[in-house]
Amino acid sequence: MKQIVINGGKTLSGDIAVSGAKNSAVALIPAALLSNEKVTITGIPSISDINALNEILEYLDAAVLIKDDVIKIDASNVISKEIPESISVKLRASYYFMSALLSRYKHVEMYFPGGCAIGARPIDQTLKGFRALGATVIEKDNHFKIFAKELKGTYIYLDMPSVGATINTLLVATRAQGETIIENAAREPEIVNVANFLNSMGAKITGAGTSKIKIIGVDYLKSGFAEVIPDRIEAGTYVIAGALIGDDLNIKNVIPEHIENLILKLKEMNVPIKVNSTNIIVSKTNNLQPTNIRTSGYPGFPTDLQQPLTVLLSMAHGVSTLEETIYENRFQNIPYLNSMGANIEQLSQHIIKIKGPCQYQGGTVLATDLRAGASMILAGLIAEKTTYIDKAEHVLRGYEKIEEKLKQAGADITIVDI
Ligand code: EPU
């Protein structure tokens, strides 16, 4: 097991550069399978979720070349064979292979995907999309056999704007016959990144980034190129670190528009923040104001930043509330933050009340999932004495070189094997 050890109280300054977005990269890589030619993706973050996807590519006999943050994938020899549960369970995004293989071969067999244990995370909307496009889905226990004689364009309304279901439907519709309209599509920037990649291969997709996406199916996808967008959740995590203990901490390689929701909230909380075109400079204030947050799909406040933001709310002078509307189990960090000195009460399954300011003390805590782990790191950075965070593997799934980046900005942080 890996453990993160932090001696808190060190001011953060200088630069932190944001990496490519995990949630884009994990969709772009499976999307490469739609092409019969070699594709190139730059800005791939070095995180363990990407390693798990590469394992699947290798298993499917794709020719893969990785150099630094560039991946070249030649899927011309890929065959659709069953992806074992031992691999698919490693991450949520494994189910993008479900749609990619269905799209290209009209047949796929694989198991329910994995991912952070933050809720039930059903895939009914993805399956609804597949069925609407003409596929038969045979579901037994955790196993899915999905096939179609023909995939045909359709008009589909998603019951909720699911990121996964939007991307999965998009991937299948791209090679289906005729026109597909996805209504109530998710609007996350990662979806635009994927659509642009597919269009570079010859797909005909319009409307990505809005709630209505139109796809005209094509038979053949050629060579294509994508640059992974900067990770808005990683950027947001470091901006929050700067608001907690920064002295002109400069977060570079940011698309500020992608975290406008966070920036506006921080301004409301009185955080000194300067937003430029591709970087954000942020410092700590001794006059942090409380606020109320409600998570929702993009462009609303992202669920993936609520756990990191909770630490900042606990330093505000007064009472804040936070409502989580996306996942039913995303407050697993709260008992650990309280054990370090926070004063947070869970009012219902979806709402917490945070009384601040508090003084965090080091101790031994757990990264129950990726973003909970990020919140533990933030608490550790401002705590007195030493914080030990167990199960750091969760954090390494989504934050590239987090130890190196924070150290360079002045933090006393190490990751050890225990
Ligand atoms: N949902 C359903 N049925 C479905 C699909 C979704 O009920 O068929 C529900 C989910 O249970 C959830 C909500 O709809 O309550 C939203 O789920 P969505 O499908 O949008 O999430 P996802 O695609 O599984 C991605 C990110 C998550 C991020 C969410 C929301 C990836 C690999 N994961 O998940 O990222 O929280 O979108 O923005 O892209 C993370 O990075 O820490 C993370 C969990």
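Predicted model: local features only at pLDDT ≥ 70, side-chain atom pairs only at ≥ 80, totals over all residues.
Residues are numbered from 1 along each chain as its sequence is written, and side-chain values use heavy atoms, leaving out hydrogens and water.

Next, switch to cartoon. The protein chain has 14 helices and 23 strands (DSSP runs numbered from the N terminus: H or I of at least four residues for helices, E of at least two for strands). Its radius of gyration is 21 Å, close to the 22 Å from the globule rule for 418 residues, so the chain is as compact as a globular protein of that length. That radius is taken over C-alpha atoms; the rule is 2.2 Å times the number of residues to the power 0.38.

Now colour by burial. Of the 418 residues, 57% count as buried (under 20% relative accessible area; exposed is over 50%, partly exposed in between; 1.4 Å probe, protein chains only).

Finally, select tyrosine 95 and tyrosine 96. Both are buried. How far apart are their ring centres? The centres lie 5.3 Å apart with planes at 40 degrees, so the pair is tilted. Rings of Phe, Tyr and Trp (its six-membered ring) pair if their centres lie within 6.5 Å; planes under 30 degrees apart are stacked, over 60 edge-to-face, the rest tilted. The count comes to two aromatic pairs by this rule.
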